[in-house]
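This report describes a ligand site and its surroundings in a protein chain. Please consult the sequence and structure shown below.

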Amino acid sequence: MIKNKFIVIEGLEGAGKTHACICIKNILKKNNIKKILLVRQPGSTPIAEDIRKLIKKKFDTDNLVKETELLLMYAARIQLVEKKIKPALINGIWVISDRHDLSSLAYQGGGLGIKKKIIAKLQSLFLYNVIPDLTVYMDVLPKIGLARALKRNSLDSIESRSLTFFQKTRNSYLKNIKEDKNIIKINANLNMSKVTQNITKKILNWLKKQVI
Ligand code: T5A
């Protein structure tokens, strides 16, 4: 038997996080884990979805100040954590989240230059009792990820930022994942079937270690 877990998928745009979420959900189901909640950040509650629209919108005469952006990300996250993630975890449901607070450290910290200690403060105030059991980091080169995102639809306000922004964001991811033991890193530059194979192998290995 395995106690329910909180799994987070992270990475740049076009890294294949959506695909990874579905893949992991299917692996869990095949392993007899039936109660699974899949969420995305920012989003997955009515208020958090409205915040998501605001963050992604391109304004002609205004743009989000970096601190406003950070706080909006956190507002959406707290809404989701309190309304859905915590209740699910308490009720024995597995949670898979497409992004969590590592995204804020990477995008608003690494990309926009907000000090890590400010983000860590928010984390310790609001997320101290909701720590992922596993983070799957989908590592993609910014050029490759953005090209994939662009193929799908037009770029939103964050996706339209410079390549330098995404390079800094990726560097921050790479630095921060070194500090976390509960990380699986996937080379997301490879083709879809290779990526799926690697996720499957690594998640099955991790699952074996969780049996109590
Ligand atoms: N954000 C979010 C912050 O700045 N701070 C925060 O704290 C949080 C939580 C969210 C935005 O908000 C930012 C980051 C984002 O800019 P979003 O639309 O949810 O906006 O953005 P993403 O989460 O990046 O979603 P994407 O859909 O762009 O990326 P995915 O989910 O990683 O990619 P996916 O699976 O949808 O794939 C994209 C395309 O690439 C193809 C897929 O088929 C699809 O067409 N693809 C591949 N093609 C070839 N080979 C592969 N290996 C492929 N993998 C995927």
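## Ligand shell

Helix 4 supplies the largest share of the shell around the ligand, namely 4 residues. The model is a predicted one, in which local features require pLDDT of at least 70, side-chain atom pairs count only at pLDDT 80 or more, and totals for chains, interfaces and linings use all residues. Residues are numbered from 1 along each chain as its sequence is written, and side-chain values rest on heavy atoms, with hydrogens and water left out.

The ligand is surrounded by 28 residues, the closest being Glu13, Lys17, Thr18, Ser104 and Arg152; a residue is counted as near if one of its heavy atoms lies within 4 Å of the molecule. By class, the shell holds 10 nonpolar, 9 polar and 9 charged residues. Here Ala, Val, Leu, Ile, Met, Phe, Trp, Tyr, Cys and Pro count as nonpolar, Asp, Glu, Lys and Arg as charged, and the others, Gly among them, as polar.

## Polar contacts and pocket

For Gly16, a backbone N or O atom lies 2.9 Å from an oxygen atom of the ligand. The ligand taken alone exposes 1000 Å², of which the protein buries 85% (Shrake-Rupley method, 1.4 Å probe).

A pocket is an open set of points on a 1 Å grid over the protein atoms alone, where a 1.4 Å probe fits, with protein on both sides within 12 Å along at least five of seven lines; lining residues have an atom within 4 Å of a point.

## Record annotations

An unreviewed UniProt entry places "domain: Thymidylate kinase-like" at residues 9-199. The end C-alpha atoms of this span lie 11 Å apart, and the span is 55% helix and 13% strand; helices (H or I, at least four residues) and strands (E, at least two) are DSSP runs, numbered from the N terminus.

Under "binding site", the unreviewed UniProt entry lists Gly11, Leu12, Glu13, Gly14, Ala15, Gly16, Lys17 and Thr18. From this set, the lining of the largest pocket takes in Glu13, Gly14, Ala15, Gly16, Lys17 and Thr18. Gly11 lies in strand 1 (residues 6-11).

## Backbone features

A cis peptide bond, with omega about -5°, joins Gln41 and Pro42. Pro42 belongs to the loop between strand 2 (36-40) and helix 2.

How values were computed
A polar contact is a pair of N or O atoms within 3.5 Å; within protein, one must be able to donate a hydrogen and the other to accept it, and residues adjacent in sequence count only if both atoms are side-chain atoms. UniProt positions are given in the numbering used here, feature names are shortened, and annotations may be inferred rather than shown by experiment.
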